[in-house]
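Let's sit down with this one and learn to read a few of its features. Have a look first, then we'll talk.

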Amino acid sequence: MNRFLDIELLDDQAIASLLETAAALQRDPVSDALRGRVLGLVFMNPSVRTLASFQAGMAQLGGSSFVITPGQGSWGFETRGGVVMDGAHAEHVKEGIPVLAEYADALGVRCFAEGKDLATDLGEPVLSAIAAASPVPLVNLESAVNHPCQALADWKTLDDLGVPRDGKFVLSWAYHPRPLPLAVPAAVVAMAARRGMDVTVLRPEGYGLPGQVMETAAQAASFSGGSVRETDDRAEAMEGAHIVYAKSWQAPSVYGEVEAEARLRDGLRGWSVSEEWFGPARTDARFMHCLPVRRNVVVADEILDGARSAVVQQAGNRLHVQKAVLLEMLGGRAT
Amino acid sequence: MNRFLDIELLDDQAIASLLETAAALQRDPVSDALRGRVLGLVFMNPSVRTLASFQAGMAQLGGSSFVITPGQGSWGFETRGGVVMDGAHAEHVKEGIPVLAEYADALGVRCFAEGKDLATDLGEPVLSAIAAASPVPLVNLESAVNHPCQALADWKTLDDLGVPRDGKFVLSWAYHPRPLPLAVPAAVVAMAARRGMDVTVLRPEGYGLPGQVMETAAQAASFSGGSVRETDDRAEAMEGAHIVYAKSWQAPSVYGEVEAEARLRDGLRGWSVSEEWFGPARTDARFMHCLPVRRNVVVADEILDGARSAVVQQAGNRLHVQKAVLLEMLGGRAT
Amino acid sequence: MNRFLDIELLDDQAIASLLETAAALQRDPVSDALRGRVLGLVFMNPSVRTLASFQAGMAQLGGSSFVITPGQGSWGFETRGGVVMDGAHAEHVKEGIPVLAEYADALGVRCFAEGKDLATDLGEPVLSAIAAASPVPLVNLESAVNHPCQALADWKTLDDLGVPRDGKFVLSWAYHPRPLPLAVPAAVVAMAARRGMDVTVLRPEGYGLPGQVMETAAQAASFSGGSVRETDDRAEAMEGAHIVYAKSWQAPSVYGEVEAEARLRDGLRGWSVSEEWFGPARTDARFMHCLPVRRNVVVADEILDGARSAVVQQAGNRLHVQKAVLLEMLGGRAT
């Protein structure tokens, strides 16, 4: 495996193998499998979980890592082709990425959406430019509309929780004071569909996921026997749910229109997940979120502090699945 | 040992054991005792010595570490309970700390005082919230009113310098252009008292340490046969001193009142330690400071560049005692 | 070797030995030669290549490293002697460097020019203060007017490319929207002269390198049989060139005069390297640059994307030569 950019690009066998390796690494985390190997982590945007889990994961496998933060402590990276670089960015990924590849056996890159033009962000121009420039294995640490590490970790969490392959998965939009990227909802809805689940996207008017995102998920569902639909009817969506996965995202209907989006979002503070939401769900329904999460804004304390919450387990699985990806990429042996 | 938050919570045997291990690690610094183990370092405030010494220490013991800086490169952490998180902080320690504990065998956290309300800071609300949230061993990397790593390193330095257990220890306030936290003076006065020393806090009017801090130190002295008192009479304080430990701190009498504190402090530029101060002290009296120190403001070049200064040795001992704490916490064997 | 501050301070044998070790490390990069050894990296200015290559290099040799960024995440370092430290800087290198040396077996420091007074910068006051303060081996990670890691890497690249020892080396000034330091041009012109090359500095009026820089290069040439001269005639300079090394630097003639320098530079946008420049050069002439480089400002896409470019190879050699320096300094065995 030379690229880990999107789990939809992996076949069923590859996904199953990664999940199996991840489980083995969770049981037996420390080895020398990647002794002398170096991972280069490039964060164009902030990170807590991703940075910590990749650095810890490489260390537990006997390797090491370094962190570059273009634009913070160092200059920003340009990604567009043919541009006259007389602005803020002092280095192009066409140099920056091959150079870092001289120092690292694999690279990971985080590059959020610009958030201005939906079609542009859906095209993943930054990740594509970086992937084209990288001569070494590359991991997507969250791009404009994807987050495969999160998706694979969540898949493992669903397995760990014993949620049936064809269980009911609700991805619910939630209120947040800032407009957030589409990466996690897009990756998670496709993951759940690919896992064979009965997927419902619960969201207010104006927050329907982009057509391309829903089509990708529908295609994933067609391979696995799952299904995908959208609704704004909470009671209907929650009926019989195994999982409620909350996440905020900016309105695709007014994408990049900052004031219009803020007005639309301001009226939706009631979209805050609480125990009351779970009335129509299964009694053992669980709550998921990729973190960070704003307490009592996105979801109530009672959920995060109660038995439904799987959020720490999800984050823990980031470590295990990412180590599996690194082992697969760098040719190391599982412990 | 599952927590290293305050050396006053350790019994004499535990302190003696840590100091003994630290000395052994100073003689023989490199091992594989913590192979595969990971330390997560969370800096809510800047650091030089603490970051470098913990990263170096884990590496010398065969382990590794990662660094998270909430609010700088990533979002800030909320610590209050029950709060509606619609402000600047995007993650609560109730998630952030357990998540980092999924990636690390132990955590260290730096969380300075807010500096607004003395009673609040004395209650250590941030450290307490983090300690309550951490399922793994936790090290205090400097909190609102404590700095146990510094205190233990300074204890070792006093031992290394051959200062008698019942020697005279003077903690002197010094002028500084900014209002500084109480963490080091509070930790050091208690440490010296606990070691059995004759402790004098030399400070101008308005800079008396808070009652709670002096009571903690007095209690420590009562266990060890030491003593603690305060004065603003320099000649009397310095009489027969073995050690002069300089440190600036904001005025507890006008804590959080920025302008009043600045006015009070502005008139005290004469509180700058120089050779002349040492007249009444023992001829072999030594100078200590936790660093960073402003030359010719807090203390004159002649002291730092002369034979009295023990400041680099103090900083060096940070490494050795912290490695002892890590070994004790993570169950490794001493070399 | 206890200092790596300037390759002109090394004798021919030392340079040859480092290049030989670097080549061996390129073939066989991973070892345990520096097990348990720690490198402390102090970046007073931003870095991508240097940070990544030193961290990767120490890891590949079985050691580790930590990074301190004074002034960003921590306080700035004062370097002047005798100063009253009541300004922005909270720590003096007289403490900061010996303290970091307590935690590290060697230190590397990056300290750019202040860019105000040429004579001051040519005197390397910051690097000198740090070197005087360091009790452990010290590497110059780029100082006011030197960059020995870059120079040694470029020497290796010239060897790797098969460029004759007495080949023609053109260092050409190029336009850049910001005034840049003299470190790389100064180091590179001396390196090429020391290697025995026929060196031409091609630059517009006002951009002649400082006398001290040219004298150092001339002295280096006198040892090796090389030569050094300056011109503003591009056709003449390029005639028969083996190498065109592009780099922008601020005008020494109006050093530190921000507006005058900007006016002078603004008229020189034509100094952008393109294929057309290579007309009079050898057909197999190669293009070098230390990176980061602004595409279509300093140099055209056609060069960087074509067969002439050696820029990634140069950056890759940073890793190999720096590992050789570390091995030499820390007494490790080559693999």
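**Reading the B–C interface**

A: Start with a contact: two residues count when their C-beta atoms, placed from the backbone, lie within 7 Å. Here 29 residues of chain B are in contact with 26 residues of chain C. This is a predicted model, where local features need pLDDT of at least 70, side-chain atom pairs count only at pLDDT 80 or more, and totals for chains, interfaces and linings use all residues. Residues are numbered from 1 along each chain as its sequence is written, while chains are lettered from A and ligands numbered from 1 in the order in which they are written.

Q: Which element gives the most to the side of chain B that touches chain C?

A: Helices are DSSP runs (H or I, at least four residues), numbered from the N terminus. In this case α2(B) leads, with eight residues.

Q: Is A307(A) buried or exposed?

A: Count other C-beta atoms within 10 Å of the residue's own, with C-beta atoms placed from the backbone: 20 or more is buried, 12 or fewer exposed, in between partly exposed. A307(A) has 9, so A307(A) is exposed. You'll find A307(A) in the loop between α11 (301-304) and α12 (311-330) of chain A.

Definitions and conventions. Helix = DSSP H or I, 4+ residues; strand = E, 2+ residues; numbered from the N terminus.
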